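Here is a short tour for anyone meeting this structure for the first time. Have the sequence and the 3D view ready, and follow along.

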Amino acid sequence: MNHGSDPMPTLETSTSADPSLDPKGPIEGVTLPDFSAESYKDAYSRINAIVIEGEQEAHDNYMALATLLPDQAEELGRLARMELKHMKGFTACGNNLGVTADMPFAHEFFSPLRNNFQVALKEGKVVTCLLIQALLIEAFAISAYHIYIPVADPFARKITEGVVKDEYTHLNYGQEWLKSHFEESRAELEQANRENLPHVRRMLDRVAADASVLHMEKEDLIEDFLIAYQDALTDIGFNPREIARMAAAALLG
Ligand SMILES: [Fe+2]
Ligand SMILES: [Fe+2]
């Protein structure tokens, strides 16, 4: 938890005020899964791997973005270090349950977004890189962690609560940069959205069955993702009609 001299990222909600964050017991109205069941561990081996791989790639992506935005290198390096800390935390979650993460599955799972990020990076397209990592991947992570927290084992719940606060600061980073470069970024953002949002939909489809074993429902994941993503697009400067058109790209790709 030590960020050195870095300020701790905070959300308006305090951990002690939210009953869903009480590590002592289950949350009212929530049925916890059997964390020791073989079916749980099997699904967890893929979900945990996705999370570990996602955090590793987030680290790599922020370091890569620093090469495109040298004046932002210090801040991007700080975000990248947070992602490595998250990766270690989620690795510990798998170990705690005696689960071996299926890393080859996760590596393949992220390949469409990773490939698109790498192409954009080579072309020096900062806007596309930020849309993929700081908006889409961060919003995907935020939704997954939100929906996971109430049904997580106590060890993983505590770790995930810490992580999700950080992910908001990362989403916010991308949002602020794109907001201050909105007019010149608009067309590239729309294009990058068209090319990458369908991949997020397919990722949600692919993860749905395993997520359900963990008591995380696809509808909740989609809803939470769209809230985070659309809030970001609104803040950046898009109007409701433009956002509806961008969201509709998920259905077309
Ligand atoms: Fe992270
Ligand atoms: Fe992040």
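Helix H2 has 25 residues and reaches 37 Å from its first C-alpha to its last, close to the 36 Å expected at 1.5 Å a residue. That expected span is 1.5 Å times one less than the number of residues in the helix. Helices here are DSSP runs (H or I, at least four residues), as strands are (E, at least two), numbered from the N terminus. Please keep in mind that this is a predicted model, in which local features need pLDDT of at least 70 and side-chain atom pairs count only at pLDDT 80 or more, while totals for chains, interfaces and linings use all residues. Residues are numbered from 1 along each chain as its sequence is written, and chains are lettered from A and ligands numbered from 1 in the order in which they are written.

Which residues of H2 are buried? They are Leu76, Leu79, Ala80, Met82, Glu83, His86, Met87, Gly89, Phe90, Cys93 and Gly94. Buried means that 20 or more other C-beta atoms, placed from the backbone, lie within 10 Å of the residue's own. The cover over these residues of H2 includes H1 and H6. Just after H2, Gly98 takes a positive phi of about 70°.

Two helix pairs can be set side by side. Axes are lines fitted to C-alpha atoms, for helices over the stretch in contact, and angles run from 0 to 180 degrees between N-to-C directions.

| Pair | Angle | Axes |
|---|---|---|
| H2 and H6 | about 160° | 10 Å apart |
| H1 and H5 | roughly 155° | within 11 Å |

The angle makes H2 roughly antiparallel to H6, and H1 is likewise roughly antiparallel to H5; the label applies to angles over 145 degrees. The crossing of H2 and H6 is left-handed, and H1 also passes H5 in a left-handed crossing. Left-handed means that the near helix is turned anticlockwise from the far one by less than a right angle.

Who meets whom? On the H2 side, the contact with H6 is made by Leu79, Met82, His86, Gly89, Phe90, Ala92, Cys93 and Asn96. H6 brings Phe155, Ala156, Ile159, Val163, Asp166, His170 and Tyr173. Contact means that the C-beta atoms of two residues, placed from the backbone, lie within 7 Å. In the other pair, Gly54, Ala58, Asn61, Leu65 and Leu68 of H1 meet Val126, Cys129, Gln133, Ile137 and Ala141 of H5.

Now for the wider picture. The protein chain has nine helices and zero strands. Of its 253 residues, 38% count as buried. Among contacts with a separation of 6 or more, 79% come from residues 24 or more positions apart.

The largest nonpolar core has 67 residues, and Ile132, Leu135, Leu136 and Ala139 have the most contacts inside it. Such a core is a set of buried Ala, Val, Leu, Ile, Met, Phe, Trp, Tyr and Cys residues joined through C-beta atoms within 7 Å. H5 gives the most to this core, with 17 residues. Leaving aside residues up to four places away in sequence, Ile132 touches Leu113, Asn116, Phe117, Ala120, Ile137, Ala192 and Asn196.

Let us finish with Tyr229, which lies in helix H8. Why does Tyr229 count as buried? Tyr229 is buried because 26 other C-beta atoms lie within 10 Å. Not counting residues up to four places away in sequence, Tyr229 touches Leu135 and Ala139. Tyr229 and Phe140 are 89 residues apart in sequence and 8.4 Å apart in space, C-alpha to C-alpha.

Terms used:
A residue is buried if 20 or more other C-beta atoms lie within 10 Å of its own, exposed if 12 or fewer, and partly exposed in between; C-beta atoms are placed from the backbone. Angles under 35 degrees count as roughly parallel, over 145 as roughly antiparallel, 65 to 115 as roughly perpendicular and the rest as oblique.
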